[in-house]
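These are my notebook entries on one structure. I record what I looked up, entry by entry.

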Amino acid sequence: MSSPLAPQRIRRLVKRMSDGAKSSLLRLRVSAPAQRSMRMGHPWVYSDSIVESNREGEMGDLAVVYDNNNKFLALGLYDPLSPIRLRVLHTGKPVRTDREWWLKRVREAKENRAPHFDEAQTNAWRWINGESDGFPALVVDRYAEVLVLKLYSAVWLPRLEEVLDWLHTELPSQAVVLRLSRNIKEIAQERWGVPEGCIVGETANLVVFRENGIRFEAEVLQGQKTGFYLDQRDNRASVQEMAEGKDVLNVFSFSGGFSLYAARGGARSVTDLDISSHALESARRNFELNPWAAQVPHEYVRGDAFEWLSDGPRQSFDLIICDPPSLARREVDREGAAQAYYKLAASCLRRLNPGGVLVAASCSAHVTEQEFFDAVMAAAQDHGPWRELWRSGHALDHVITFREARYLKCLAIEVR
């Protein structure tokens, strides 16, 4: 694959952002608990943990943290607008963060993933998973010949040209799409004039890719996350293994990922349930991309999952997948989310035939694994005899190196 260089407009924008940067190195001292946390590998330093600085930090400043003995402790990127004030890049001995240092990090991420995928079967995966790959708040997903670069902090905006250079050198592609998280979108566009969209090469919104031999489309310009939920790849494969001869319901079906795997696994029928007509149309197109799936009866139901499960037609199923969007976007939502997971699981269990299986998932980072599993198992206990089949998390390309990165939980239980 080959890629054009970053457009001149990006270079001009980045130069304008960099022109105002302070020339002196930002030096920080942090609290003793924050020092211990960094030494243990945690990549975040919160604003109330910073006890001293030599000057006011600006967005994206490379900051050096010194310990109580005035020895080098860490390097990080400074964000004056976020409670996470410092995104840690490195701890230990001093290093020179030149181009080769960054390229080495990209290469390591690439080498950790490439051997696990057969291009003929799968050509979409996560190349860089934020903090866990040494690029805090930065994600790079691949969909065939297109890369989607998603930023969750504005610290990377002053380094955008550098990031594009690293990607061009180590992960060449036909196009690069920039996506911005909700919390920085306004800042990026209004303060610095950096828009979302295709910033290198050209691409349509819909990009067709392969996952374990199944064809899907990703909405790289406008879709959820980076265009598709790559983190559920392994769990979708597990669903395929248990779908043979079963009537399957996919709740919060989105673009039909679990449904297509179930169909390939020999399901007797598949039903997609989602409140979004756009999502159901995407699922319909994905089924059309795989002509073999036409032999499996497939129904698309538009409706609120909570209401349909409780009050909808009295249908029952042998296998139900329940994978809702995040139900706890803030820490204060945790208790309500746990109750919602219990309610969903209880409603799904009432729809299962004897011997049926519920695969329940959560992507709510603020809900812990134990809280989620406890909610689902409490619903199972109230329903009747049951047994756990398996539990899992992210696909292998979503590397995890600290607790908060472990957001995806999945549990399969059988009613007996």
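At what angle do helix α3 and helix α4 pack, and how far apart are their axes? I find an angle of about 50° and axes 10 Å apart for α3 (residues 99-113) and α4 (residues 160-170).

I note the basis of these entries. The model is predicted: local features need pLDDT of at least 70, side-chain atom pairs count only at pLDDT 80 or more, and totals for chains, interfaces and linings use all residues. Residues are numbered from 1 along each chain as its sequence is written, and side-chain values use heavy atoms, with hydrogens and water left out.

**Helix pair.** Helices (H or I, at least four residues) and strands (E, at least two) are DSSP runs, numbered from the N terminus. Axes are lines fitted to C-alpha atoms, for helices over the stretch in contact, with angles from 0 to 180 degrees between N-to-C directions. I therefore class α3 and α4 as oblique to each other; under 35 degrees is roughly parallel, over 145 roughly antiparallel, 65 to 115 roughly perpendicular, and the rest oblique. Their crossing is right-handed, that is, the near helix is turned clockwise from the far one by less than a right angle.

I listed the contacts (heavy atoms within 4.5 Å). In α3, Arg99, Trp102, Leu103, Val106, Arg107 and Lys110 meet Asp165, Trp166, Thr169 and Glu170 of α4.

**Aromatic pairs.** Rings of Phe, Tyr and Trp (its six-membered ring) pair if their centres lie within 6.5 Å; planes under 30 degrees apart are stacked, over 60 edge-to-face, and the rest tilted. The phenylalanine 216 and phenylalanine 228 pair is tilted, because the planes stand at 45°, with ring centres 5.0 Å apart. Phenylalanine 216 belongs to strand β13 (residues 214-219) and phenylalanine 228 to the loop between β13 and α6 (233-241), so the pair ties together parts twelve residues apart in sequence. Buried means under 20% relative accessible area, exposed over 50%, partly exposed in between (1.4 Å probe, protein chains only). Phenylalanine 216 is buried at 0%, and phenylalanine 228 is buried at 3%.

I also checked phenylalanine 252 and phenylalanine 306, an edge-to-face pair with 6.4 Å centre to centre and 75° between the planes. Phenylalanine 252 is buried at 17%, whereas phenylalanine 306 is partly exposed at 24%.

One aromatic cluster consists of Trp101, Trp102, Phe135, Trp156 and Trp166.

**Serine 31.** I located serine 31 in the loop between β1 (26-30) and α2 (32-39). Serine 31 counts as buried at 18% relative accessibility.
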